[in-house]
Number of protein chains: 2
Amino acid sequence: MNGPQQIDTNAPIGIFDSGIGGLTVLKAIAHSLPQENFIYFGDTARVPYGDKSQSTILRYSLENAMFLMDLGVKLLVIACNTAAAYSSAKVRQFFKIPIVDVIEAGVAQALQVTTHQRIAILATRATVRSEVYQQALRVAMPGAFITAISCPLFVPLVEEQLLGHEATRLLVKEYLAPLKELNIDTVLLGCTHYPLLAHLIQEELGQGVIIVDSATACAKQVKLLLQQHCSIVATGNSNSNHRFYVSDDPYKFQQQAERFLDWKIATVERADSGVHH
Amino acid sequence: MNGPQQIDTNAPIGIFDSGIGGLTVLKAIAHSLPQENFIYFGDTARVPYGDKSQSTILRYSLENAMFLMDLGVKLLVIACNTAAAYSSAKVRQFFKIPIVDVIEAGVAQALQVTTHQRIAILATRATVRSEVYQQALRVAMPGAFITAISCPLFVPLVEEQLLGHEATRLLVKEYLAPLKELNIDTVLLGCTHYPLLAHLIQEELGQGVIIVDSATACAKQVKLLLQQHCSIVATGNSNSNHRFYVSDDPYKFQQQAERFLDWKIATVERADSGVHH
């Protein structure tokens, strides 16, 4: 039997995403667990996953998970909603370490905060189509009213930093219009880019609606899992050591990542998680 | 010596793009040369190329070219502006068959139609940054005034079919604002998706501006090259045979492609142009 007691407690936590969005998750976890070390992998050569097929997303995700396993991570965070939707069952089946995925984490927090069990999910088209959010919420809360809306332009608008642009405001209004008559009490942001539009979403839906963002939800879940598997909490080295790998240009990622994280990053290395590395 | 005379005149013309946009090029060429056969490869598992690094774009493009060479094409069309920007020199250096790329074709037509040598290029960020359009125009017409504007949201807006949306109109206005005082006479659309926004661009810049689209420019170039290498013009089989390959889900591509082309497509096959196929 190989139990968690054989895992190095100071081993890093692995996080992967299709690109840069998962850094919001890394930031939230690092803030909540400052003594831990992290390895982040952004599959920037194959980003975005949102419109790719189920089998392609699964293959890429397994390659990314394997890449991080190979670097000796003690816990794996699937920080990409699309990857989590299509691969988390297989990743949990294949690998022995604890797995946290943004979907499970977001769902857990939405269930905790909803006041009238009327929840809307906002996500990419692939995530909405996968129905994982809807199914997870329905299983946990069978009487709940659940609806889901895909907002495919939110990611490019965020990446172009048009966070306050009139065009962004118009598209937020248009995407959210179907929610107006539904008395939603909780909106679950099912994409790591969407928290950057939370202010516009809140404005459009009114202050009465609770917005759940997956990054902070994920941080809570990681903390909980490390407490449950208490043998794998890092013993507290104040010189936390974070490593960053990407499958495309490290320099471009580094610049974007420093804006996302508000940290200086020493180095970003290039690595191909694909089968031919 | 292996000359073009050894090539099967009824061999197909190969066209590749990062995804679906190159179908505008295929449609224009097929319309102009109805007796030819085509093989289209859309690298849908790795789309989009626009924000990837130079070395990654080059590697993907060479893999795509090799995939089509291996299927026996007699002429190769690089229908993706980003791929053409970073790979056409290497593709021309490596392969023996005639090569047409959207950039060379668009530049040739812009030079032909410009009335006052004041030309603006609209393209993705990677294409603008590559400076290939600007350099090619400056070399051919040293006295010309050349400017280039990247419009990164045009591709997602077109793919979401928001062609008449107010948000699209606002973003067209914003992207084109720097052109207002420049007395541009010709706008060269350096991305295969942009022709679908030509009506809004024309409206914004006024009827006096000539819009050059790369798909029809490419068709002219292919026709010219086949006439020059007259031994490789197909002898005219009215049952033209077109084949479609993609690196991701064939079904989704087929549905989109039929809308793009306004044809019924018999089959789309899945193929991986990458090194591990």
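1. In this predicted model, the copies meet through the same surface, because 100% of the interface residues of chain B are also interface residues in chain A.

2. Chain B superposes on chain A by a rotation of 180° with 0.0 Å of shift along the axis, at an RMSD of 0.0 Å. The two copies are therefore related as by a two-fold rotation axis. Within chain B, the residue that comes closest to this axis is A167(B), with its C-alpha at 2.3 Å.

3. Now to the rings: the count over all chains is 15 aromatic pairs. In one of them, F154(A) and Y175(A) have ring centres 5.2 Å apart and planes at 85°, so this pair is edge-to-face.

4. Y194(A) sits in the loop between strand 7 (186–189) and helix 9 (198–205) of chain A, 40 residues from F154(A).

5. Two further ring features may interest you. Y40(A), F244(A) and F253(A) form a cluster linked by ring pairs. R118(A) lies over the face of F145(A), 4.4 Å from the ring centre, and in chain B the charged end of R118(B) sits over the ring of F145(B), 4.4 Å from its centre.

6. Finally, V25(B) belongs to helix 1 (residues 23–32) of chain B and counts as buried because its relative accessibility is 0%. Beyond its neighbours within four places in sequence, its contacts include V77(B), V102(B) and C218(B).

Terms used
Residues are numbered from 1 along each chain as its sequence is written. Chains are lettered from A and ligands numbered from 1 in the order in which they are written. This is a predicted model: local features need pLDDT of at least 70, side-chain atom pairs count only at pLDDT 80 or more; totals for chains, interfaces and linings use all residues. Side-chain values use heavy atoms; hydrogens and water are left out. Helices (H or I, at least four residues) and strands (E, at least two) are DSSP runs, numbered from the N terminus. Buried means under 20% relative accessible area, exposed over 50%, partly exposed in between (1.4 Å probe, protein chains only). Contact means heavy atoms within 4.5 Å. Copies are superposed by least squares on the C-alpha atoms of residues with pLDDT of at least 70 in both. Rings of Phe, Tyr and Trp (its six-membered ring) pair if their centres lie within 6.5 Å; planes under 30 degrees apart count as stacked, over 60 as edge-to-face and the rest as tilted. A charge sits over a ring if NZ of Lys or CZ of Arg is within 6 Å of the ring centre and within 35 degrees of the ring normal.
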